Amino acid sequence: MKNTEHRISGHETFPCRYSWLPKAIQEIQKDSNLFKDEDLAMVKFGVGKNMVRAIRFWAESFAILNTSKGTGAFGVSPFGDAIFGKKGFDPFLQDIRTLWLLHWKISANNEKPLLAWDFLLNNWYEPEWTKTKILAILNQELQRNSSKKVSETTIEHHLDVFIHTYIPTKSRSGEFQEDNLDCPFVDLNFIEKIGERTESLGGRREPIYAFNRNPKTEITQEVFAYCLHEFFTNTHPNETSLSFTEICVGPHSPGQIFKLSESDIREHLQKIQKKTKIFSFKESAALQQVFLPKKMNNMDLLRRVYN
C-alpha cells in the first residue's frame, strides 16, 4: 500500500444499516449543521450518540455527504442527491445496483481510504484469507507507514466491521443477531466463508474467507461503465487509455474492487463498446488496451444505470 494515512476509527464499531444513508440525506437537506449538535442529531435519528457518529462516518465514507471547509457544515454530494434526494433514483435503498455503486465508492476512495477496504479490495491478490493473517499484515503496514500509533485492538475492531459489513453474524443458536440484520451489503454475497483452519497460538479454529469471484449479474454494463469512467478520471486523470490488465487488477480498478474475472470484464467492455461507444476496446496478439475517447458527465452515466 502507498504511504497514505488510512482511516481506522469513526464507525464506532457499527457496520452501516439500511436506514442510515437515506435518513442522513433527508436530515442534512433540512439542516446542514445537524451533526455539529449531537444531542439534536440523537433526537432526529432516534439513536444514541455513538450511532450518530457512525451515521456521519458512513455517509461521508460512501461519498453521499461532504464537509464544508471552514464551517464544518455538511452538504449533500451530487451523487448522494442523485441516489437519495427527493427525486432520487433509489431513495429507500431498494435497488441492489445502488449497493454495488456504494461498494465502489467506499472502496475506490483514495483520498481518505478506509484501511481494511483499501488493503483487501485493492492490494490483496491471494484467493483466501483469515482474520489472524490480515491483522498481522495490517499491523505491520501501520507500523511502517502510519504517523500515528494505533492499538491492535483498534485495528481488530476495524477489521471486524469490514467483515460484518458483508457477512452476517450468527449467534450460537444459529439465529442472526439483531445488530447485523440491517447491514445492506450482506445482500451482495461478496465474501464467503469457505472453511476453517487453526491460525491462533491457542489452537482456536477460525473461518477462512474468500471473495466471491462468480459472475455478478447485478453489476450491469451501465454500472460497470460508470465505475470504469471514474477509475479513468479519478485515478488516471491524465490518461486516455489503460491496459486491460490495469483495469482487471490495478489498485482501485473495477476488476479488483468487484473481484471480477477477466472474461467478465472483457464481456462488459465488448458490450459497452457495441452499445454506447463510451469506451473502445482494442485487442491484438501483443496488446489489450481500453480507450476513453472523451470524458463524460458522471451524472449522465449515473442516470443510465437507472434508466
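**Close-up views of helix packing and the nonpolar core**

**View 1. Packing of helix 5 against helix 9.** In this predicted model, the axes of helix 5 (residues 96-108) and helix 9 come within 11 Å and cross at roughly 15°. Axes are lines fitted to C-alpha atoms over the stretch in contact, with angles from 0 to 180 degrees between N-to-C directions; helices are DSSP runs (H or I, at least four residues) numbered from the N terminus. Helix 5 is therefore roughly parallel to helix 9 (angles under 35 degrees). Arg 97, Leu 101, Trp 104 and Lys 105 of helix 5 meet Val 223, Tyr 226, Cys 227, Glu 230 and Phe 231 of helix 9, contact meaning heavy atoms within 4.5 Å.

**View 2. Packing of helix 5 against helix 13.** Helix 13 (residues 298-306) packs on helix 5 at an angle of about 145°, the axes lying 10 Å apart. Arg 97, Thr 98 and Leu 101 of helix 5 contact Leu 302, Val 305 and Tyr 306 of helix 13.

**View 3. The largest nonpolar core.** Among its 90 residues, Trp 58, Trp 117, Trp 129 and Phe 162 touch the most other members. Helix 9 (residues 221-235) gives the most to this core, with eight residues. Such a core joins buried (under 20% relative accessible area, 1.4 Å probe, protein chains only) Ala, Val, Leu, Ile, Met, Phe, Trp, Tyr and Cys residues through side-chain atoms within 4.5 Å.

**View 4. Surroundings of Trp 117.** Beyond neighbours within four places in sequence, the contacts of Trp 117 include Trp 58, Ile 106, His 158 and Phe 162.

Local features need pLDDT of at least 70 and side-chain atom pairs pLDDT 80 or more, whereas totals for chains, interfaces and linings use all residues. Residues are numbered from 1 along each chain as its sequence is written, and side-chain values use heavy atoms, without hydrogens and water.

Conventions: Buried < 20%, exposed > 50% of the residue type's maximum accessible area, 1.4 Å probe, protein only. Helix = DSSP H or I, 4+ residues; strand = E, 2+ residues; numbered from the N terminus. Parallel < 35°, antiparallel > 145°, perpendicular 65-115°, else oblique.
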